[in-house]
Amino acid sequence: MYRSALSGVTSKSRRPLRCPFFSPFRAETPIISSVSPSPGLESRLPIPSNRFSSFRDPPSRASFAPSICFPDWSPGLRRRVVSRTRGLCGGSGDRETLEYDVVIVGAGPAGLSAAIRLKQMCLKRNADLSVCVLEKGPEVGAHIISGNVFEPRALDELIPQWRHEGAPIEVPVSSDKFWLLTENHSLQLPSPFDNKGNYVISLSQLVRWMATKAEEVGVEIYPGFAASEILYDENDRVIGVATNDMGVAKDGSKRETFQRRVTLLAEGCRGSLSEKMIRAHKLREKVQGQHQTYALGIKEVWEIEEGKHKPGSVLHTIGWPLDMKTYGGSFLYHMSNRQIAIGLVIALNYRNPYLNPYDEFQKFKHHPAIKPLLMGGTVLEYGARTLNEGGFQSIPYSVFPGGAIIGCSAGFLDVPKIKGTHTAMKSGMLAGEAAFRTLVEGATMETYWDNLKKSWIWEDLKRARNYRPAFKYGLIPGLTFSALERYVFRGRLPLTLKHGKPDHEATDIASLHAPIQYLKPDGQISFDVPTSLYRSNTNHEHDQPAHLHLRDSTVPELVNLPLYAGPESRYCPARVYEYTPDENHGLKLHINAQNCLHCKACDIKDPKQNIEWTVPEGGGGPGYTIIQKKV
């Protein structure tokens, strides 16, 4: 079990700091230690048993710095960020500083891989670099819903003995099917996914295990810290990140538990700070990259009847319930312990503003080939998340002054495989190696970009570059072109297709489409949004500033509602956005920020890009807890 507390952390004055400890399985206690990160120096203090409770005895306003790399450091030198540091989001103020050599944003596969690889190099070279990983979820894995087909290629490189070290990777793929669905039938097609040698896993459980391996080599992990601001030095080099203010009420007043922390980044697909860095430093333009394209994945974890369960069985489908012009498909993975993960992925460049991704998923579960499997079963968990689909064409230059972008923040998903975990891990490993060479050998973080282009990530994504953009012409042309690319040209076609319009521009005005009538949920196979939200364990501190902002408060009523029929009330899979009657008998947009699943669909799909998604207080959002048990 990993220690998700402040382990070996103090400011220059060596004042002990306290932080909540969030365990994936049970509540624990915080750890206080000296500046040395060595294990065994901890003393423990009791805190409330509720792992989601607010911590009432925080460190004084503190910040974590510097960030993932600072190229002009000498080996072993620790720099302190001065007070009144300028931040990209402004308003930094006076702060104390917690100092690290490397700060990594996000305790997902990429961030933990970077941390582990860097510490491995430290142990091999007898170097002493402090490494901190920040996670906005209340615990590691809390924002990752179970169900993943895992390619172990990167893990084989990172931890070669994982099979003997208790890794929760135990269910090999036993069958791999690909169907084309019509409303009442299914047609089996040749499977393009190459899942031989892969495993059906709980990704949430895997990152929890990786967190234990990271802490074993001296990495410090801080869940419940949401990074909201980038910190710069006087030369505009990134030197750290700041978390949002903890304990600020909606009206801006400081509650009794007010604390201001400056910490380091926690990102994923459409990461807030990553997007700001890409725009601020024109990282796509630097390599003539195209815009990123996205899809929204909606997923449930079910427990089904014993006789229907086939551990390791993998199914993907395309076609129904989506129309011929909308790209997307479903997945159904049989995990262990009678659990399955089932979901629908819909590209966010869909045209019809009346399309509701959540209702399309509920509709899909009633297909004659799917419904019998679910009958008699129980839904355990619900969640949603966007994923990058731009592939090779959309990769930005992944290095900025003082750091780098890794994993899904940079968009390394392999679309034909529908897999991004192994590429995220490999990018994290390359970044960890580059950070080590920057701090110890005097190299620069540009070595990360150079090595990325020499890696199998680059080779795989380049070979698959034309798969996704081919579908902008429709389902049948996309399948035809993709089959030629895969089986005839094998990725060597001397042509690179371009993506169509950005997702938010692809939405047609409502007058071009007829409203879609969806059936009422039956409560057995399909469910309403409030029921599903309950299964996501989503929670945000009620009395805090809203993390969803309208750049122009008039756009919903003056543009989105009359032109697009209020699409935000449909593309959000958590009913965050609702049009409700106002005092003038009209309709006004109401934002239920408490419901937010952190999927980022609103930040991507809003037709006028009027919604800005920012991080809420650390620990807010979904709380996925399903743990895959042994067969």
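The protein chain contains 16 helices and 27 strands, where helices (H or I, at least four residues) and strands (E, at least two) are DSSP runs numbered from the N terminus. The model is predicted: local features need pLDDT of at least 70, side-chain atom pairs count only at pLDDT 80 or more, and totals for chains, interfaces and linings use all residues. Residues are numbered from 1 along each chain as its sequence is written, and side-chain values use heavy atoms, with hydrogens and water left out.

Of the 631 residues of the protein chain, 61% count as buried; buried means under 20% relative accessible area, exposed over 50%, and partly exposed in between (1.4 Å probe, protein chains only). The accessible surface of the chain comes to about 25100 Å², computed by the Shrake-Rupley method with a 1.4 Å probe, and for residues only the protein chains shown count as cover. Carbon and sulfur atoms hold 52% of this surface. Among contacts (heavy atoms within 4.5 Å) with a separation of 6 or more, 75% join residues 24 or more positions apart.

Four bridges connect S5 with strand S6 (residues 131–135) in the parallel sense, and Val105 stands opposite Leu134 in S6. Axes here are lines fitted to C-alpha atoms, for helices over the stretch in contact, and angles run from 0 to 180 degrees between N-to-C directions.

Another open sheet of three strands has the order S7-S11-S8, with antiparallel pairing. Its edge strands are S7 (148–150) and S8 (171–172), each of which pairs on one side only. S7 is joined by three bridges to strand S11 (residues 199–201), and the two run antiparallel. Val149 stands opposite Val200 in S11.

Two packed helices are described by the angle between their axes and the distance between the axes. Helix H9 (residues 446–454) packs against helix H10 (residues 456–463) at an angle of about 55°, with the axes 4 Å apart. H9 is therefore oblique to H10, given that angles under 35 degrees count as roughly parallel, over 145 as roughly antiparallel, 65 to 115 as roughly perpendicular and the rest as oblique. On the H9 side, Trp449, Leu452, Lys453 and Lys454 meet Trp456, Ile457 and Trp458 of H10. By class, this contact has five nonpolar, no polar and two charged residues. Ala, Val, Leu, Ile, Met, Phe, Trp, Tyr, Cys and Pro count as nonpolar, Asp, Glu, Lys and Arg as charged, and the others, Gly among them, as polar.

Helix H4 (residues 272–280) is largely enclosed by the rest of the structure, because seven of its nine residues are buried. The buried residues in H4 are Ser272, Leu273, Ser274, Glu275, Lys276, Met277 and Ile278. H4 is followed by Lys282, which has a positive phi, near 50°.

Tyr473 lies in the loop between helix H11 (467–470) and helix H12 (475–489). Tyr473 is exposed, with a relative accessible area of 54%. Tyr473 and Gly500 are 27 residues apart in sequence, and their C-alpha atoms are 9.5 Å apart in space.

Note on methods. Two strands pair if DSSP finds at least two bridges between them.
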